[in-house]
Amino acid sequence: MNGARLPRPQAALLLLTAAGALFSLIDTPFPHLAPLQNLPTLVIAGGLALALRRWPIPTGAVACICLFLALHTLGGRYIYSNVPYDAWARALGLPAPGDLFGLRRNSYDRLVHFSFGLLMVPPVSAWLARHGGVRRGLSVYLAVEFVLGVSAFYEIFEWLLTVVMAGADADAYNGQQGDMWDAQKDMACAAVGAVCTALWLTLRRK
């Protein structure tokens, strides 16, 4: 697989993902914080383009990764806590999610953490089954464990990055919105998403 060409649909998905992350920084409402959120997405997209040439996975699995990164990019533009989804819904003549579900905080970050679990299980399990020699059922289980581990690591990394780089804007960057249990709730959302996808993959296989 060394040096294999990246399929055009996958290359297009990664290019769009990188372009979205780059353009999200244009005229962002939070120019001093948004780059901390979205510049790493450019690195991830480039790294994936190289990795997928050596360890290919199905295009559907790559699409799951890119969809998650797109959701993250949107959140990063507004540093998550300020994604105006209520205003967008009202502009479309739809009920505002905050009013509809009685949300007391901006919950876009919860959606992204849930989506991480939901969308990362397919690519991770596909990679393990294809390149790790892991049987399909075990690969799905390990993918769920991967989501749980990465979620915990990310919360620790976010805390450290906030302390080191965000300074006076730490609360805004970290997105806790006054919730002392924010990290635990984020990890729980990712876990629920991962379990939902694992159950769906298991039932589909049966």
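Is the crossing of α1 and α2 left-handed or right-handed? The crossing of α1 and α2 is left-handed.

## Before we start

This is a predicted model, where local features need pLDDT of at least 70 and side-chain atom pairs count only at pLDDT 80 or more, while totals for chains, interfaces and linings use all residues. Residues are numbered from 1 along each chain as its sequence is written, and side-chain values use heavy atoms, leaving out hydrogens and water.

## Helices α1 and α2

Two packed helices are described by the angle between their axes and the distance between the axes. Here, helix α1 covers residues 8–23 and helix α2 covers residues 34–54. (Helices are DSSP runs of H or I with at least four residues, strands are runs of E with at least two, and both are numbered from the N terminus.) The axes of α1 and α2 come within 8 Å and cross at roughly 165 degrees. An axis is a line fitted to C-alpha atoms, for helices over the stretch in contact, and angles run from 0 to 180 degrees between N-to-C directions. The two helices are therefore roughly antiparallel to each other. (Under 35 degrees counts as roughly parallel, over 145 as roughly antiparallel, 65 to 115 as roughly perpendicular and the rest as oblique.)

Who touches whom? On the α1 side you'll find Q10, L14, T17, A18, A21 and L22, and they meet N38, T41, L42, A45, L48, A49 and L52 in α2. Contact means heavy atoms within 4.5 Å. Sort the residues of this contact by class and you get nine nonpolar, four polar and no charged. (Ala, Val, Leu, Ile, Met, Phe, Trp, Tyr, Cys and Pro count as nonpolar, Asp, Glu, Lys and Arg as charged, and the others, Gly among them, as polar.)

## Helices α3 and α6

Now for α3 (59–77) and α6 (residues 108–131). Their axes come within 8 Å and cross at roughly 165 degrees, which makes α3 roughly antiparallel to α6. This crossing is left-handed.

Among the α3 residues in the contact are C64, F68 and L71, and α6 brings residues including F116, L119 and M120. By class, the contact of α3 with α6 has 14 nonpolar, three polar and no charged residues.

## Two cysteines, no bond

A disulfide is a covalent bond between the sulfur atoms of two cysteines. The cut-off used is a pair of cysteine sulfur atoms within 2.5 Å, and the count comes to zero.

(Buried means under 20%, exposed over 50% and partly exposed in between, with a 1.4 Å probe and protein chains only.)

Most residues other than glycine have a negative phi. D27 isn't a glycine, yet its phi is positive, about 55 degrees. You'll find D27 in the loop between α1 and α2, exposed with a relative accessible area of 70%.

Y80 isn't a glycine either, and has a positive phi of about 65 degrees. Y80 sits in the loop between α3 and α4 (85–91) and is buried, with a relative accessible area of 10%.

Definitions and conventions. A crossing is left-handed if the near helix is turned anticlockwise from the far one by less than a right angle, and right-handed if clockwise.
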